[in-house]
Amino acid sequence: MRTASIARKTNETEINVSVNLDGTGAHSMATGIGFFDHMLDQLSRHSLIDMDVTCKGDLHIDFHHTAEDVGIALGQAILKALGDKKGIRRYASADLPMDGTLTRAALDVSGRPFLVFRAEFNRDKVGEMDTELFREFFQAFAMNAGITLHIENFYTDNNHHLAESMFKAVARALREAVEIDPRVGDRVPSTKGTL
């Protein structure tokens, strides 16, 4: 089983994350931010990656450290669970419609972290969460998972759906990219021989 656990403690957050890349999407989220937990639920459920995330953060200051540090720890757990990346599909993309919203996520499990984020919210918050923190989460996640991640929203008429479509699109792409491709066998999907 491709599993990993990460414990991360700073002066701002204390986080425990565990993942199983070959799971069923079973999850438990407790970050102290209701809407963020809802988005992480979607990430697990639609990627079929089992995820347990607990975070005690300095929410009395704001939500920034919690969102960013969960992205760091979750990215590190995914990277660790991937191991040598032999047999994975590596590339994937997903277009995700939610009513009047359409968002695309494309990713490469490349070992070269990069984020392109093209989405604009027209409200400062969804629930109690600052909308600017979605980019911060995905930035931290991509950098620590070692993936190239592109997220682009084409149009939206609802900020909740915009956020949710991003997490679901990333989840669907991540599910496909980390799956074992039986045609690849025991090879790393790169002409370099390593990722």
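Start by selecting helix 2, residues 64-82: its 19 residues reach 27 Å from the first C-alpha to the last, close to the 27 Å expected at 1.5 Å a residue (the expected span is 1.5 Å times one less than the number of residues). Helices here are DSSP runs of H or I, at least four residues long, numbered from the N terminus. You're looking at a predicted model, where local features need pLDDT of at least 70, side-chain atom pairs count only at pLDDT 80 or more, and totals for chains, interfaces and linings use all residues. Residues are numbered from 1 along each chain as its sequence is written, and side-chain values use heavy atoms, with hydrogens and water left out.

Now colour helix 2 by burial: 14 of its 19 residues are buried, so the rest of the structure largely encloses this helix (buried means under 20% relative accessible area, with a 1.4 Å probe and protein chains only).

Next, hop to helix 3, residues 132-145, and pick phenylalanine 141. Is this residue buried or exposed? At 1% relative accessibility, phenylalanine 141 counts as buried. Beyond neighbours within four places in sequence, its contacts (heavy atoms within 4.5 Å) include Gly71, Leu74 and Ile78.

Then select phenylalanine 137. Setting aside neighbours within four places in sequence, Phe137 touches residues including Phe36, Ala67, Val70 and Phe167.

Last stop: the largest nonpolar core, with 63 residues (buried Ala, Val, Leu, Ile, Met, Phe, Trp, Tyr and Cys joined through side-chain atoms within 4.5 Å). Val19, Phe137 and Phe138 have the most contacts inside it. Helix 4, residues 159-178, gives the most to this core: eleven residues.

How values were computed
Buried means under 20% relative accessible area, exposed over 50%, partly exposed in between (1.4 Å probe, protein chains only). Helices (H or I, at least four residues) and strands (E, at least two) are DSSP runs, numbered from the N terminus.
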